[in-house]
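Visitor: Hi! Could you walk me through the strands in this one?
Guide: Happy to. Let's bring it up.

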Amino acid sequence: MKDINNMRKLEFRAWNGESFEYSDELPSLETFFGRNEYMGYGPQTSFIQQCIGYKDQDGNGIYEGDFVTVDDGKEIYKIEFRGIGFWFVDENDSCWVFADYIYKLKIVGNIFQNQESLKNE
């Protein structure tokens, strides 16, 4: 049996319409927004995202919804949870796993502040 004291700490964030709010508690809208129900936040402003458990080259936690580049910076991928895990999704909706490159990632934006970032120039 795995020692639960050695398990990875889960971290979450939510977009409040202007900035991210962070928590290491199991998320609910009440956790992030102090409310007990939906209360008018649009789908883009109430989305709770989980940290994938890795940091980018600059030491920033990588979350679902982040846009990242791999090493050379030529391609941009969005981090998404699909099915059983986190994937790197390109502008054509193709999914990739970058196990060999996980420590060469750099966050270049997110779905709330840089929606156009997934379109490679």
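Visitor: Great. How many bridges join β1 to β3?
Guide: There are 3 bridges between strand β1 (residues 12-15) and strand β3 (residues 48-55), and the two run antiparallel. Keep in mind that this is a predicted model.

Visitor: Which residue in β3 is the bridge partner of F12?
Guide: F12 has Q50 as its bridge partner there.

Visitor: Now over to β5 and β6. How many residues lie between them in the hairpin?
Guide: The β5-β6 hairpin has 5 residues between its strands. The strands run antiparallel and 3 bridges join them; T69 has I76 in β6 as its bridge partner.

Visitor: Which residue in that turn has a positive phi?
Guide: D71, with a phi of about 50°. D71 sits in the loop between β5 (66-70) and β6 (76-82).

Visitor: Last one: what do β6 and β7 form?
Guide: A hairpin with 2 residues between the strands, and G83 in the turn has a positive phi of about 70°. Here 5 bridges join β6 to β7 (residues 85-89), again running antiparallel. F81 has F86 in β7 as its bridge partner.

Definitions and conventions. Residues are numbered from 1 along each chain as its sequence is written. This is a predicted model: local features need pLDDT of at least 70, side-chain atom pairs count only at pLDDT 80 or more; totals for chains, interfaces and linings use all residues. Side-chain values use heavy atoms; hydrogens and water are left out. Helices (H or I, at least four residues) and strands (E, at least two) are DSSP runs, numbered from the N terminus. Two strands pair if DSSP finds at least two bridges between them.
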